[in-house]
Amino acid sequence: MSRYKASTPGTYVYDGEIARRGFGLNKFAYSLADHGAREAFLADEPAYLDRFDLTLEQRNAVLRRDWLALVQLGGNIYYIFKLTALGSPMKMSELGAAQVGLPHDEFVRRNTVRGENPWPA
Amino acid sequence: MARIIGGIGTSHIPSLGPIIDRGLTQTPEWKPFFDGYAPVQRWLAERRPDLAIVIYNDHGLDFFLDKMPTFAVGAAAEYPPGDEGWGIRPVPTAIGDPDFSWHAIESLVDDEFDITICQELRVDHGFLVPMNLLWQSDWPVRVMPVSINVIQHPVPTPLRCYKLGQALRRAVESYDADIDVVIVGTGGMSHQLHGERAGYLSRAFDTQFLDLLESDPGRLTELSRSAYIDGAGAEAVELIMWLTMRGALEPFVRRVHRFYQMPVSLTAAGLVVFENMAESRR
């Protein structure tokens with residue numbers, strides 16, 4: 001059990017345990033920081049994923065672009081974010097809305113209202 | 001002797017890059033935000049520092065999770081922008097100062113900071129967006145990037161980051177050249193990008209952070225990393241990089257400027273400019 005865990009639900013502090021689980025997934029995501037790799041991935045996603053050490057669950061989450069599952073399966077948000085650049089790029093707030101499961105406009109409105117959170121006691 | 005004239009804290013929100021590149025900074029949506037940077041741009045134009053130490057974090061551009069340095073210091077002659085997944089942005093290549101960098105590296109290691117030395121380093125939005133916000137499209141300043149790991153836990157403690165700032169000040173003040181240095185801490189403010197808690201923001205946390213950063217930064221070094229994560233959002237742990245900036249300044253500083261807007265993209269954006277008291281009197 002990591003000493004750096006947050007107490008807040010819905011938070012996956014990127015500690016050693018998650019990092020070990022997500023290493024192959026993040027290695028795949030990191031590879032997309034190259035134009036040729038992005039083209040190769042989009043041309044044949046399953047074949048491209050064969051080059052990396054992903055679990056079946058991780059592989060399916062990539063193919064379905066299931067953003068919350070990618071995080072839960074060990075994806076680090078900064079590496080997973082590279083997947084959002086493919087095709088018509090997503091905004092960071094769209095990635096947030098997709099994980100929370102809200103329409104984008106509603107998500108943004110809610111954040112602004114909820115932004116009045118207190119200083120920790 | 002070299003001296004630190006002041007410090008700047010600024011967010012480094014990635015979505016600002018395309019806004020700048022597409023010339024949208026004066027649109028009704030974005031003008032209020034970019035206007036918030038006019039006073040710091042004027043201050044920099046007046047003070048004209050020779051060198052900027054930029055404390056930032058790599059977001060999976062030049063560092064992968066295979067080897068993650070806690071503190072990495074640039075020693076290169078130049079720092080080119082890299083491809084974060086969207087192609088390479090049309091920004092200048094930042095110019096380094098290897099003489100200063102090697103002096104700072106020796107000083108830091110003698111000071112027991114066991115940093116990673118980078119003779120080649122590509123930089124991402126964590127570095128580039130602050131350069132755009134502070135110096136716009138033309139960067140008349142040499143730089144030394146310092147990358148802090150805030151991605152893979154355990155990240156360094158807030159106190160350690162503050163002490164790194166103190167060590168950077170000793171490095172500057174022991175450099176035998178008549179240069180003015182500004183130190184820039186980047187990242188934050190409150191935000192969480194991942195999980196069911198994505199979208200979390202806290203104006204109260206940010207306000208208190210900005211107040212204490214100015215008047216009593218020791219209090220901020222006493223907060224645990226978990227307190228930053230719980231109080232300001234998981235990715236707001238980046239604020240420890242502002243503590244490095246503050247550690248490099250005098251205990252008492254004069255505030256030149258402060259600006260806050262929430263939200264910008266998925267993040268609360270903050271800006272502070274502090275001047276060392278000795279500089280204010282010059």
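Modeller: Residues are numbered from 1 along each chain as its sequence is written, and chains are lettered from A in the order in which they are written. As the model is predicted, local features need pLDDT of at least 70 and side-chain atom pairs count only at pLDDT 80 or more, while totals for chains, interfaces and linings use all residues.

Colleague: Why is Ile240(B) called buried?

Modeller: A residue is buried if 20 or more other C-beta atoms, placed from the backbone, lie within 10 Å of its own; Ile240(B) has 29 within that distance, and is therefore called buried.

Colleague: Which residues is Ile240(B) in contact with, leaving aside its neighbours within four places in sequence?

Modeller: They are Ile148(B), Val150(B), Val155(B), Pro156(B), Pro158(B) and Cys161(B), where contact means that C-beta atoms placed from the backbone lie within 7 Å.

Colleague: What describes the packing of helix α6 (residues 158-173) and helix α10 (residues 240-247) of chain B?

Modeller: Their axes, which are lines fitted to C-alpha atoms over the stretch in contact, are 6 Å apart and meet at an angle of about 35°. The crossing of α6(B) and α10(B) is right-handed, a term used when the near helix is turned clockwise from the far one by less than a right angle. Pro158(B) and Cys161(B) of α6(B) are among the residues making this contact, as is Ile240(B) of α10(B).

Colleague: How many residues of chain B are in contact with chain A, and what gives the most?

Modeller: On chain B, 42 residues are in contact with 46 residues of chain A, and α9(B) gives the most to that side, with six residues.

Technical notes. Axes are lines fitted to C-alpha atoms, for helices over the stretch in contact, and angles run from 0 to 180 degrees between N-to-C directions. Helices (H or I, at least four residues) and strands (E, at least two) are DSSP runs, numbered from the N terminus. Two residues are in contact if their C-beta atoms, placed from the backbone, lie within 7 Å. A residue is buried if 20 or more other C-beta atoms lie within 10 Å of its own, exposed if 12 or fewer, and partly exposed in between; C-beta atoms are placed from the backbone.
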